[in-house]
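Student: I am new to this one. Please show it to me and help me read it.

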Amino acid sequence: MSREDEIVQLLTDVRDTQREAAARQREHLDLARAEAERMRRIAEESVALQRTAIERMKRVSRIVVPIIVVLIALVGWLIMKYRIF
């Protein structure tokens with residue numbers, strides 16, 4: 001093999017290796033994009049669940065807080081009526 005043939009072979013090998021590396025890089029980029037999209041969907045779902053939880057908490061607190069106030073008032077009334085303290 002002459003020196004020129006050896007150089008051509010080396011350059012061909014470098015080219016092939018670069019093509020393989022570029023193909024792998026595209027695969028990794030596709031995987032990264034898919035993972036980013038999956039994470040975006042998960043984050044959106046998480047935000048939606050948090051909003052739902054906040055709305056439920058608001059509804060429950062509209063019922064529970066007045067009940068607690070009434071119960072505290074009743075306990076106060078009982079204390080005053082029977083002079084426990």
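Tutor: Here is a short walk through the main features.

Tutor: This is a predicted model, where local features need pLDDT of at least 70, side-chain atom pairs count only at pLDDT 80 or more, and totals for chains, interfaces and linings use all residues. Residues are numbered from 1 along each chain as its sequence is written, and side-chain values use heavy atoms, with hydrogens and water left out.

Student: How many helices and strands does the protein have?

Tutor: Helices (H or I, at least four residues) and strands (E, at least two) are DSSP runs, numbered from the N terminus. Here there is 1 helix and there are 0 strands. The radius of gyration is 36 Å, well over the 12 Å from the globule rule for 85 residues, so the protein is more spread out than a compact globule. That radius is taken over C-alpha atoms, and the rule is 2.2 Å times the number of residues to the power 0.38.

Student: What does the C-alpha trace span along its principal axes?

Tutor: About 115 × 25 × 10 Å.

Student: How far does helix α1 reach?

Tutor: The expected span of a helix is 1.5 Å times one less than its number of residues. Helix α1 covers residues 3-82, 80 residues in total. From first C-alpha to last it reaches 112 Å, close to the expected 118 Å.

Student: Where does α1 bend?

Tutor: A bend is the angle between axes fitted to the seven residues ending at a residue and the seven starting there. In α1, it is about 30 degrees at Ser61. Just after α1, Arg83 takes a positive phi of about 45 degrees.

Student: What share of the residues counts as buried?

Tutor: Buried means under 20% relative accessible area, exposed over 50%, partly exposed in between (1.4 Å probe, protein chains only). Of the 85 residues, 0% count as buried. Take Leu74, which lies in α1. Leu74 is partly exposed, at 43%. Its C-alpha is 101 Å from that of Asp5, 69 residues away along the chain. Ala34, also in α1, is partly exposed at 46%.
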